[in-house]
Amino acid sequence: MSTTIATVQPGSFLTLHYRLAGPGGDIINTFEGKPATLSLGTGELSPAVEQRLLGLEEGTRASFEIPAGEAFGERKPDMVQWVARKLLNQLGDPDETYRVGDVVQFPTPDGLGQYAGAVQQVGKADGSDAVLFDFNHPLADQPVTFEVLLIGVL
């Protein structure tokens with residue numbers, strides 16, 4: 001009797017360790033802690049990353065080099081935006097202090113999800129109370145190393 005090894009298909013539910021890194025180092029790395037569980041096709045991973053998982057067998061450890069811009073798209077200048085302090089106070093803690101490099105979570109307009117912005121500048125040159133955020137993915141426009149260890153495939 002032969003046993004079939006599960007392979008990753010569109011819509012598969014996965015338990016895996018993975019690492020996403022750019023030229024500056026790791027952005028996500030679960031190898032040191034608890035593995036991640038996710039479903040393909042739900043937007044938890046970019047389509048370019050999901051594409052590399054398709055067809056892999058349970059137990060596979062692999063590493064992929066994804067060309068600049070393919071994994072998380074190109075950097076978009078319109079994704080760098082000023083957000084008034086008044087709005088930040090409504091969305092979060094009015095006493096929050098923002099520093100360049102901080103990553104801040106924002107609720108999506110429907111309130112069901114979140115997205116992140118990295119602080120680029122605090123306070124406009126004209127003195128108004130606002131924070132400049134970059135809402136581009138930190139690995140946008142960069143080559144990405146994607147390493148994976150597939151623990152389980154359902």
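Grid points are joined across faces, edges and corners, and the volume is the space filled by probe spheres set on the points.

I also noted that this is a predicted model, in which local features need pLDDT of at least 70 and side-chain atom pairs count only at pLDDT 80 or more, while totals for chains, interfaces and linings use all residues. Residues are numbered from 1 along each chain as its sequence is written, and side-chain values use heavy atoms, with hydrogens and water left out.

I found a volume of about 580 Å³ for the largest pocket. Its lining has 24 residues, of which Phe72, Ala116, Asn136, His137 and Pro138 lie closest to the centre. Two or more lining residues come from each of β1 (13–22), β2 (25–29), β6 (103–107) and β7 (114–122), and β7 gives the largest share, four residues; strands here are DSSP runs of E with at least two residues, helices are runs of H or I with at least four, and both are numbered from the N terminus. I sorted the lining into 15 nonpolar, six polar and three charged residues, with Asp, Glu, Lys and Arg as charged, Ala, Val, Leu, Ile, Met, Phe, Trp, Tyr, Cys and Pro as nonpolar, and the others, Gly among them, as polar.

Entry 2, the overall build. I read two helices and nine strands, in the order β-β-β-α-β-β-α-β-β-β-β from the N terminus. The radius of gyration is 19 Å, well over the 15 Å that the globule rule gives for 154 residues, so the protein is more spread out than a compact globule; the radius is taken over C-alpha atoms, and the rule is 2.2 Å times the number of residues to the power 0.38. Along the principal axes, the C-alpha atoms fill a box of roughly 75 × 30 × 25 Å.

I located alanine 130 in strand β8 (residues 130–134). Is alanine 130 buried or exposed? Its relative accessibility is 5%, so alanine 130 counts as buried (under 20% relative accessible area, with exposed over 50% and partly exposed in between, using a 1.4 Å probe and protein chains only). Leaving aside residues up to four places away in sequence, alanine 130 touches Trp82, Val83, Ala84, Arg85, Val122, Gly123 and Lys124, a contact being heavy atoms within 4.5 Å.

Definitions and conventions:
On a 1 Å grid over the protein atoms alone, a cavity is a set of points where a 1.4 Å probe fits but cannot get out, and a pocket is an open set with protein on both sides within 12 Å along at least five of seven lines; lining residues have an atom within 4 Å of a point.
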